[in-house]
Amino acid sequence: MGSTFFYIILCFIALTIVAASAEEFKVGDAVGWRQPSQNETDLYNHWASNKKFHIGDSLRFEYRNDSVIKVAKWEFYHCNRTHLASAGKDGTRTMNLNRAGTFYFVSGDPEHCKNGQRLAVEVLPLHPISESPPQPFSQAPAPSPLSFSASVSSAVPLAFISALLISVIVVAIAGLA
């Protein structure tokens, strides 16, 4: 009974870590998703350049009398959309970033797109466990070959640790049945 409680707690911790690592970004921050003025045609490129997007994050577009469409690279650069599958005019739209690579978004109004209302974001792999910078190299003595100490690097992907914890839980539960 005690081991079952332990595995339930372990599962809860693993799921909390995964859920807490994703971020939702409001596109444009306070200005939202709107047609830029003539002097700010680089508004959304500048906004994205100050952010790091990872798999699992999402973009929230807030707008009035407009829309946002997820498009292919060619459609992005030419403001010419051939697909309307991702269009929406409800005032708020959330787009999930579910893979690494570049995502392209444009206004549903081609003139707005030509005036700079478009956004390209580069999505990185899963969030690292720690955002701390790497430590400088030190000339510490090499560990003894007989040393069995091990440490988990902060660079170990969160997905690996989560998968490992979930595997342990599944095996434990299967053993209890």
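A: Six of the seven residues of β6 are buried, so this strand is largely enclosed by the rest of the structure. Buried here means under 20% relative accessible area, with exposed over 50% and partly exposed in between, using a 1.4 Å probe and protein chains only. Helices (H or I, at least four residues) and strands (E, at least two) are DSSP runs numbered from the N terminus. The model is predicted: local features need pLDDT of at least 70 and side-chain atom pairs count only at pLDDT 80 or more, while totals for chains, interfaces and linings use all residues. Residues are numbered from 1 along each chain as its sequence is written, and side-chain values use heavy atoms, leaving out hydrogens and water.

The setting of β6 is an open sheet of four strands with mixed pairing, in the order β2-β7-β6-β4. At its edges are β2 (53-54) and β4 (68-71), each of which pairs on one side only. Two strands are taken to pair if DSSP finds at least two bridges between them. In general, strands of a sheet pair through backbone hydrogen bonds, either parallel or antiparallel.

On one side, β6 (residues 101-107) runs antiparallel to β4, and four bridges join the two. Within this pairing, I69 has V106 of β6 as its bridge partner, and V71 stands opposite Y104 in β6. Strand β7 (residues 118-124) is likewise antiparallel to β6, to which it is joined by six bridges. Here Y104 has A120 in β7 as its bridge partner.

V106 also belongs to the lining of the largest cavity, together with E75, C79, N80, R81, S107, P110 and C113. Both β6 and α4 (110-114) supply at least two residues each to that lining. By class, the lining has four nonpolar, two polar and two charged residues; Ala, Val, Leu, Ile, Met, Phe, Trp, Tyr, Cys and Pro count as nonpolar, Asp, Glu, Lys and Arg as charged, and the others, Gly among them, as polar. The volume of this cavity is about 40 Å³, and the structure holds one cavity of 30 Å³ or more. A cavity is a set of points, on a 1 Å grid over the protein atoms alone, where a 1.4 Å probe fits but cannot get out, and lining residues have an atom within 4 Å of a point. Grid points are joined across faces, edges and corners, and the volume is the space filled by probe spheres set on the points.

Among contacts (heavy atoms within 4.5 Å) between residues at least 6 apart in sequence, 72% join residues at least 24 apart.

Confidence also bears on the reading. The mean pLDDT of the protein chain is 74, with 54% of its residues at 70 or more; pLDDT is the predictor's confidence in each residue, from 0 to 100. It stays under 50 over residues 10-19, for which the model has eight contacts beyond four places in sequence. Over residues 143-161 pLDDT also stays under 50, and the model has 12 such contacts there, beyond four places in sequence. Where pLDDT is low, the predicted coordinates should not be read in detail.

Key. On a 1 Å grid over the protein atoms alone, a cavity is a set of points where a 1.4 Å probe fits but cannot get out, and a pocket is an open set with protein on both sides within 12 Å along at least five of seven lines; lining residues have an atom within 4 Å of a point.
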